[in-house]
Amino acid sequence: MSDIFVYPIAQRIAGVDEVGRGPLVGAVVTAAVILDPARPIVGLADSKKLSEKRRNALYEEIIEKALSWSLGRAEPHEIDELNILHATMLAMQRAVAGLSIEPDFVLIDGNRCPKLPMASQAVVKGDSRVAEISAASILAKVTRDREMAVLDAQFPDYGFAQHKGYPTAFHLERLAQLGATEHHRRSFGPVKRVLGLI
């Protein structure tokens, strides 16, 4: 597949991405961004490939320069009720609905689109190929990482600020020793095991 993405003919394109499908704790966070062609942002890229310092700087620039941006989320109890895929789609819908300017086309990172009231297209590796999706990935990741830092202050023994809730060996060890917090996703295997649900 070519790395060149051909943009659809549209006036207001929103990019959407998510962060947090894999962690055992916390919300899945999404963002939707409509960039301003008159105020380009240099250095947009997949948030995972940027340093934390660069991500934070771009986060501020995106918020300042974007025509519109919005965050969406699905909480752990919604993930447990719906499953992670459907909860992610819901969070994406919420991000798009929160935009102050309605887009006429939405580009979604990945291989499937949530149901939206406007045309949309999924773009595999979109966070590396589409500036709007790159911007959304940065907003979502910085937001979720900051939430993990807050959670780390509340539950300092779990190491949330380091592993961001992902099932690292350290997280699994602490989960087994300390049990699950109220913020853990009860439908995820390692948490279910600790709670004696499997």
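Select Q93: its side chain reaches the backbone oxygen of K115 at 2.9 Å. This is a predicted model, where local features need pLDDT of at least 70, side-chain atom pairs count only at pLDDT 80 or more, and totals for chains, interfaces and linings use all residues. Residues are numbered from 1 along each chain as its sequence is written, and side-chain values use heavy atoms, with hydrogens and water left out.

Stay on Q93. It lies in helix α3, residues 84-97 (helices are DSSP runs of H or I, at least four residues, numbered from the N terminus). Q93 counts as partly exposed because its relative accessibility is 28% (buried means under 20% relative accessible area, exposed over 50%, partly exposed in between, with a 1.4 Å probe and protein chains only).

Now show what Q93 touches. Leaving aside neighbours within four places in sequence, Q93 is in contact with P114, K115 and L116 (contact means heavy atoms within 4.5 Å).

Next, select the aromatic rings. There are two aromatic pairs in the structure (rings of Phe, Tyr and Trp, taking its six-membered ring, pair if their centres lie within 6.5 Å; planes under 30 degrees apart count as stacked, over 60 as edge-to-face and the rest as tilted). Start with F155 and Y158. Their ring centres are 6.2 Å apart and their planes at 85°, so this pair is edge-to-face. Move to Y158 and F160. Here the centres are 5.3 Å apart and the planes at 5°, so this pair is stacked.

Select F155, Y158 and F160 together: they form one aromatic cluster. Y158 counts as buried because its relative accessibility is 7%. F160 is buried too.

Methods: Helix = DSSP H or I, 4+ residues; strand = E, 2+ residues; numbered from the N terminus. Polar contact = N/O pair within 3.5 Å; in protein donor to acceptor, adjacent residues only side chain to side chain.
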